[in-house]
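Biologist: I am new to this structure and would like a close look at a single part of it. Please take me through that part slowly.

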Amino acid sequence: MEFDWTVVWNAWPNLLEGTLMTIKITFWGLLGGFLLGALSGVTRAYGHPILSGIAQVYVAVIRGTPIVVQVMFIYFALPLLANIRVDAEWAAIVTLIINSGAYISEIVRGALLSVHKGLKEAGQAMGLPFHKILFHIIGPVAFRRMIPPLGNQCIISLKDSSLFIVIGVAELTRQGQEIMASNFRAVEIWSAVAIVYLILTGLMALGLHLVEKRMRIL
């Protein structure tokens, strides 16, 4: 069987549409996940025991269940429980926010606790309130240590977006499946889908590497 590039060329508009949807879901999912994970991580590291316990339960539940189960619950079960209509794209983004937030929470917590307590004590000796100590002293040091694991999580979340095919979101994998079902050119279509994912993850890894290099302490 010969590889026919015209198949990929003809399918490219649909693949591009799926790629843009994948980027959209991943961007908003990671943005929301970072905010949720940062809040949860700080709470687990420095928060009140009750709030820390709630955050710990959240992390345990999300890390202990597959992302496919989570999106199916939000898309199919939540409408029955809350009597609301859930859009597939919205369900995908919310699921990615909740899922990535749990893992980012652990990254943030570990990075914050790895910073020597002497920095916190120095800030307290200067009379600084805790939020300034966190944002101006502990935070910058911890963030440098978060970059490599955050990069891994970003790539994992990008690839996890392909699992939203189960609720019919028109992301890259779904578009590839529909195109292949119409022309039965599995080799060309799935090769093209794989190459697009490789490009996206490669660009993401390169960007994070540049950030890590720029923020490296010499």
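At what angle do the axes of helix 6 and helix 8 cross?

Modeller: This is a predicted model, in which local features need pLDDT of at least 70 and side-chain atom pairs count only at pLDDT 80 or more, while totals for chains, interfaces and linings use all residues. Residues are numbered from 1 along each chain as its sequence is written, and side-chain values use heavy atoms, with hydrogens and water left out.

The axes of helix 6 (residues 130–160) and helix 8 (residues 186–214) come within 10 Å and cross at roughly 165°, which makes helix 6 roughly antiparallel (an angle over 145 degrees) to helix 8. Axes here are lines fitted to C-alpha atoms, for helices over the stretch in contact, with angles running from 0 to 180 degrees between N-to-C directions, and helices are DSSP runs (H or I) of at least four residues, numbered from the N terminus. Contact (heavy atoms within 4.5 Å) is made by residues of helix 6 including Ile147, Pro148 and Gly151, and by residues of helix 8 including Tyr197, Leu200 and Thr201. The residues of this contact divide into 11 nonpolar (Ala, Val, Leu, Ile, Met, Phe, Trp, Tyr, Cys and Pro), two polar (Gly among them) and two charged (Asp, Glu, Lys and Arg).

Leaving aside neighbours within four places in sequence, Ala142 is in contact with Ala111, Leu112 and Val115.

Terms used: Helix = DSSP H or I, 4+ residues; strand = E, 2+ residues; numbered from the N terminus. Parallel < 35°, antiparallel > 145°, perpendicular 65-115°, else oblique.
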